[in-house]
Amino acid sequence: MILGRVVGNVVATQKNDRYEGSRVMIVEPIGLEGERSGAEFLALDSVDSGPGDVVLVVREGWAASTAATGRPQAAIDSAIIGVVDHIDFE
Amino acid sequence: MHLARVIGTVVATAKYEALVGHKLLVIQPLDARRNHDGRPVIAVDSVGAGVGEVVMWCRGKESSFPFLPRNTPTDCTIVGIVDTIHLEEVTQ
């Protein structure tokens with residue numbers, strides 16, 4: 001899992017039918033201090049996240065398909081599976 | 001998944017049987033501001049995309065799932081045609 005920040009979303013009318021009912025969010029990966037750490041990518045939302053949210057993202061197909069659609073074997077490689085409230089360090 | 005623009009088509013007469021009937025497209029990966037993001041790759045189309053369109057695409061084993069129950073050897077598949085990209089100015 002990685003941390004990311006939601007920076008937008010994408011609308012696509014014509015798409016794979018397993019994408020129906022989920023929003024496609026634009027996520028930029030971030031480090032532990034909230035700094036951008038790479039190029040943005042697309043992830044299906046399973047937790048009703050919104051722009052500005054720091055989120056937990058899985059970038060693996062089984063986990064992403066299951067989270068976003070309730071079952072595996074969809075053409076989905078990334079999904080948002082949590083909205084982070086805060087991170088504590090020891 | 002990532003964004004890309006379709007910039008061409010690939011014709012391959014001799015190909016693995018499960019790929020017969022599928023469109024092979026050249027896509028240029030894009031970032032959210034539609035700037036080029038990496039080198040072009042070849043993707044199998046699953047949604048009827050065409051040259052010039054902005055699409056979203058998936059990579060890895062998951063790319064073959066739209067074609068189940070047929071086991072189609074692809075590691076890169078177009079899964080949607082993008083109508084609009086909404087980008088917000090988010091402060092850290």
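User: What should I know before I start?

Analyst: Residues are numbered from 1 along each chain as its sequence is written, and chains are lettered from A and ligands numbered from 1 in the order in which they are written. Because this is a predicted model, local features need pLDDT of at least 70 and side-chain atom pairs count only at pLDDT 80 or more, while totals for chains, interfaces and linings use all residues.

User: How many helices and strands does chain A have?

Analyst: Helices (H or I, at least four residues) and strands (E, at least two) are DSSP runs, numbered from the N terminus. Chain A has 1 helix and 6 strands, in the order β-β-β-β-β-α-β along the sequence. Its radius of gyration is 13 Å, close to the 12 Å that the globule rule gives for 90 residues, so chain A is as compact as a globular protein of that length. That radius is taken over C-alpha atoms, and the rule is 2.2 Å times the number of residues to the power 0.38.

User: Which strands does β1(A) pair with inside its own chain?

Analyst: Two strands pair if DSSP finds at least two bridges between them. β1(A) pairs with β5(A) in the antiparallel sense over 4 bridges, and there A:Gly4 stands opposite A:Val55. β1(A) also pairs antiparallel with β3(A), over 6 bridges, where A:Arg5 faces A:Glu28.

User: And what joins β1(A) to chain B?

Analyst: 4 bridges join β1(A) to strand β6 (residues 84-87) of chain B, and the two run antiparallel. In β6(B), B:His86 is the bridge partner of A:Asn9, and B:Thr84 is that of A:Val11.

User: How many residues are in contact between the chains?

Analyst: Two residues are in contact if their C-beta atoms, placed from the backbone, lie within 7 Å. By that test, 29 residues of chain A are in contact with 32 residues of chain B. The largest share of chain A's side, 6 residues, comes from β1(A). That side divides into 14 nonpolar, 11 polar and 4 charged residues. Here Ala, Val, Leu, Ile, Met, Phe, Trp, Tyr, Cys and Pro count as nonpolar, Asp, Glu, Lys and Arg as charged, and the others, Gly among them, as polar.

User: Is B:Asp37 buried, exposed or partly exposed?

Analyst: A residue is buried if 20 or more other C-beta atoms lie within 10 Å of its own, exposed if 12 or fewer, and partly exposed in between, with C-beta atoms placed from the backbone. B:Asp37 is partly exposed, because it has 17 other C-beta atoms within 10 Å. B:Asp37 lies in the loop between β2 (24-30) and β3 (41-45) of chain B. Leaving aside neighbours within four places in sequence, its contacts include A:Ala39 from the other chain.

User: Which residues of helix α1 (residues 61-69) of chain A are buried?

Analyst: They are A:Gly61, A:Ala64, A:Ser65, A:Ala67, A:Ala68 and A:Thr69. Their cover includes β4 (41-45), β5 (54-58) and β6 (79-83) of chain A. Just after the helix, A:Gly70 takes a positive phi of about 90°.

User: Which residues touch the most other members of the largest nonpolar core?

Analyst: In soluble globular proteins, nonpolar side chains tend to be buried together. A nonpolar core is a set of buried Ala, Val, Leu, Ile, Met, Phe, Trp, Tyr and Cys residues joined through C-beta atoms within 7 Å. The largest one has 47 residues, and A:Ala79, B:Val55, B:Met56 and B:Trp57 touch the most other members. Its largest share, 5 residues, comes from strand β4 (residues 54-59) of chain B.
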